[in-house]
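Open your viewer and get ready to select a few residues.

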Amino acid sequence: MLDRIALTRFRNHGDTALDGTGRFNLLVGENGAGKTNILEALSLLAPGRGLRRAALADMGSAAGDGGFAVGADLAAGGSDPARLGSYVEAAQPGRRKVRINGAEASARQLGEWLAITWLTPAMDGLFTGPAADRRRFVDRMALALDPRHAAHAARYEAALRERNRLLSDDRAPDPVWLDGIEAQMARHGGALMEGRAALIDTLMARIAAMPAEPFARPALTYMPGGPDNAENLSQTLFDNRGRDRAAQRTLAGPHRDELDVIHAAKRVPAAQSSTGEQKAMLVAITLAHAALAAQGRPGVLLLDEVAAHLDPVRRAALFDQLAASGAQVWMTGTEPSPFSSILGEAALWRVADGNVTRG
């Protein structure tokens, strides 16, 4: 789990340290105190843009020069701790750098050490929002189980942008050049689809083993946005060149995939379920994924303002399932009372104006 966490000039935290962490970690304070900023900092110890998907330039302290740093020790299995860090230098405000045990590394390599997932209030509209949000949600979960997923996603997106650029050019694209780009899209797109499909299958098996109550059990289906494997994707891209050139964009591929979610007991689409049912299904997916992620590497689960919106029965069930997941858990709240049943086993910090004191 993570310990000796340090935030330097990150958001409203000038110099914050959290030592002596536990399996449960509670960040308590008023709205705007800086609790979610700590969760966001921890999310930067994983590949990707963090739980807010914010620009790096927005993460540095307003009182600083734009640079910031986040570091933590990772201890697992009784081995010596590894030091993980993400930082931005003032001279290069748009470039995120990573260090692992003091050596320069890539953000992708962070995923080889640690599996981080999160649930925030901003995700409450996941089932009713655009399909792109659900694809990102699936890819983030897949990445926590397989660090290679991020590389396939990035390379597919890069090749997709290049193909779209060629298709929208006034001049006819060079067929040989298109062949090369489409070969990359087929290779990495095929791996992307395999990773997404494997994730959903594994998640559904885990969800099926979970209690049906008190969290509404969701049924998840992966729906490819066209061809469903690398070979078919390659052929589709070739066959659709004329149609795609007329549209000036690629109309079929993993970038059009969809995640279909229904309330399993009621057979109602998640988008048509009540707000409470949607929240319960999202919690169920997050709990199932956290348990899976913690099986392969150390797992960390970040929950922003989750407990306060649950009734006592669901709150107790949440804590029980979190304890059984094997992940280290970080939760925020405006007061300790929603966490009363786990205060005796949790590490508690009070957050105020970017300052943190041990409770």
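Start by selecting E305, which sits in the loop between β12 (299-303) and α9 (312-325); helices (H or I, at least four residues) and strands (E, at least two) are DSSP runs, numbered from the N terminus. This is a predicted model, where local features need pLDDT of at least 70 and side-chain atom pairs count only at pLDDT 80 or more, while totals for chains, interfaces and linings use all residues. Residues are numbered from 1 along each chain as its sequence is written, and side-chain values use heavy atoms, leaving out hydrogens and water.

Is E305 buried or exposed? E305 is buried, meaning under 20% relative accessible area with a 1.4 Å probe and protein chains only. E305 has no salt bridge (a side-chain nitrogen of Lys or Arg within 4 Å of a carboxyl oxygen of Asp or Glu). Beyond its neighbours within four places in sequence, E305 is in contact with N31, K35, P121, T332, G333 and T334, where contact means heavy atoms within 4.5 Å.

On a 1 Å grid over the protein atoms alone, a pocket is an open set of points with protein on both sides within 12 Å along at least five of seven lines, a cavity is a set where a 1.4 Å probe fits but cannot get out, and lining residues have an atom within 4 Å of a point.

Select R53, R135, R136, F137 and R140: of the 32 residues lining the largest pocket, these lie nearest its centre. This pocket's volume is about 1000 Å³, counted as the space filled by probe spheres set on grid points joined across faces, edges and corners. Colour α3 (131-145), α4 (148-167) and α5 (175-208), which each supply at least two lining residues. Which helix gives the most to this lining? It is α3, with eight residues.

Move on to T275, G276, E277, K279 and A280, the closest to the centre of the second largest pocket among its 16 lining residues. Its volume is about 280 Å³, and helix α8 (residues 275-296) gives the most to its lining, with seven residues.

Finish at the largest cavity, with a volume of about 70 Å³. Residues that line it include A46, W118 and R140, and β8 (115-119) and α3 each supply at least two.

How values were computed: Buried means under 20% relative accessible area, exposed over 50%, partly exposed in between (1.4 Å probe, protein chains only). Lys and Arg count as positive and Asp and Glu as negative; His and the chain ends are not counted.
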